[in-house]
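Take a first walk through this structure with the sequence at hand. Keep the view open and find each residue as it comes up.

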Amino acid sequence: MPPPPRVLEEFYKTKTVEQIEQSKGHKRSGYARVQLDGGSRWTQQWVVLDVGGDCAVVCLARDAGPVKPAEVLSSAHYSAEPLDPEEAQGPSDFCFQLTDFSSSPPRHHLFSVDSAEDRDGWLDAFDDNGV
C-alpha cells in the first residue's frame with residue numbers, strides 16, 4: 001500500500017526536478033500547458049511523471065533542472081485519456097485529461113501539448129501505471 005498522497009506530495013516537494021528525473025520511477029518529462037482542476041487559466045509548466053510505489057506522481061515546475069516543483073499531484077487511482085478539441089478548448093488541438101479518483105469528488109487536470117505524438121507518448125506513460 002502506497003503512502004498517503006499528502007506524504008508523497010511533501011516528499012516530492014523536497015526534491016528538485018533534476019533529482020526526480022534521475023529516479024528509477026521517472027517515466028516522462030517535458031513542457032505542457034496545464035489547467036488544474038477548477039482552474040480557468042492555462043500555464044506553461046515543466047511536467048515530470050514519476051511513479052512512487054503504486055502511485056503516479058506528477059510534478060509541475062516553471063522549468064527543468066535544479067528547481068523544486070511548485071505543485072505535486074499524486075494518485076493511486078487515476079486515468080488519463082485524450083480529449084477532442086471541443087472538450088478541452090485548450091491552447092492546442094492535442095489535449096489529455098488526468099482524472100484523480102482518489103479524491104472526492106474526482107479532480108480533472110487538463111494538459112495541452114504540441115503534437116499528437118507528444119500527447120500519445122504521455123498517455124502511454126500514464127497507461128503503463130494507471131488503473
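Where is Pro105 found? Pro105 sits in the loop between β6 (94–100) and β7. Helices here are DSSP runs of H or I with at least four residues, strands are runs of E with at least two, and both are numbered from the N terminus. A cis peptide bond joins Ser104 and Pro105, with omega about 0 degrees. Most peptide bonds are trans.

The model is a predicted one: local features need pLDDT of at least 70, side-chain atom pairs count only at pLDDT 80 or more, and totals for chains, interfaces and linings use all residues. Residues are numbered from 1 along each chain as its sequence is written, and side-chain values use heavy atoms, with hydrogens and water left out.

Move on to strand β7, residues 107–113, which holds His109. Is His109 buried or exposed? His109 counts as buried because its relative accessibility is 3%. Buried means under 20% relative accessible area, exposed means over 50%, and partly exposed lies in between (1.4 Å probe, protein chains only). A polar atom of the His109 side chain lies 3.1 Å from the backbone nitrogen of Asp37. Such a polar contact is a pair of N or O atoms within 3.5 Å; within protein, one must be able to donate a hydrogen and the other to accept it, and residues adjacent in sequence count only if both atoms are side-chain atoms.

Next come the charges. Side chains of opposite charge can pair when their charged atoms come close. How many salt bridges does the structure hold? There are five salt bridges. Each is a side-chain nitrogen of Lys or Arg within 4 Å of a carboxyl oxygen of Asp or Glu.

Start with Arg6 and Glu9. Their salt bridge has its closest N and O atoms 3.0 Å apart. Both residues belong to helix α1 (residues 5–13), and because they are three residues apart there, about one helical turn separates them. Arg6 is exposed, at 58% relative accessible area. Glu9 is buried, at 9%. From Glu9 to Glu21 the sequence runs twelve residues, and their C-alpha atoms are 16 Å apart in space.

Another salt bridge joins Arg28 and Asp118, with the closest N and O atoms 2.6 Å apart. Arg28 counts as partly exposed, at 24% relative accessibility.

Now look at Arg119 and Asp120. Their salt bridge has its closest N and O atoms 3.3 Å apart. Arg119 is buried, with a relative accessible area of 15%. Asp120 counts as partly exposed, at 35%.

What about a charge without such a partner? Asp50 lies in strand β2 (residues 43–52). Asp50 is buried yet has no salt bridge. Lys27 is the nearest side chain of opposite charge, 8.0 Å away. Lys and Arg count as positive here, Asp and Glu as negative, and His and the chain ends are not counted. The Asp50 side chain does reach the backbone nitrogen of His26, at 2.8 Å.

Which residues form a negative surface patch? They are Glu81, Asp84, Glu86, Glu87 and Asp93. Patches are made of residues with over 30% relative accessible area and no salt bridge; like charges are joined within 9 Å, and nonpolar side chains (Val, Leu, Ile, Met, Phe, Trp, Tyr) within 5 Å. Glu81 belongs to strand β5 (residues 78–83). Glu81 is partly exposed, at 36% relative accessible area.

Finish with two pairs of C-alpha atoms. Ala88 is found in helix α3 (residues 85–88). Ala88 is buried, with a relative accessible area of 7%. Along the chain, Ala88 and Leu110 are 22 residues apart, while their C-alpha atoms are separated by 7.4 Å. Thr16 is buried too, at 16% relative accessible area. The C-alpha atoms of Thr16 and Ala61 are 9.4 Å apart, with the two residues 45 apart along the chain.

Note on methods: Areas by Shrake-Rupley, 256 points an atom, 1.4 Å probe, with all protein chains shown as cover. Charge placed at Lys NZ, Arg CZ, Asp CG, Glu CD.
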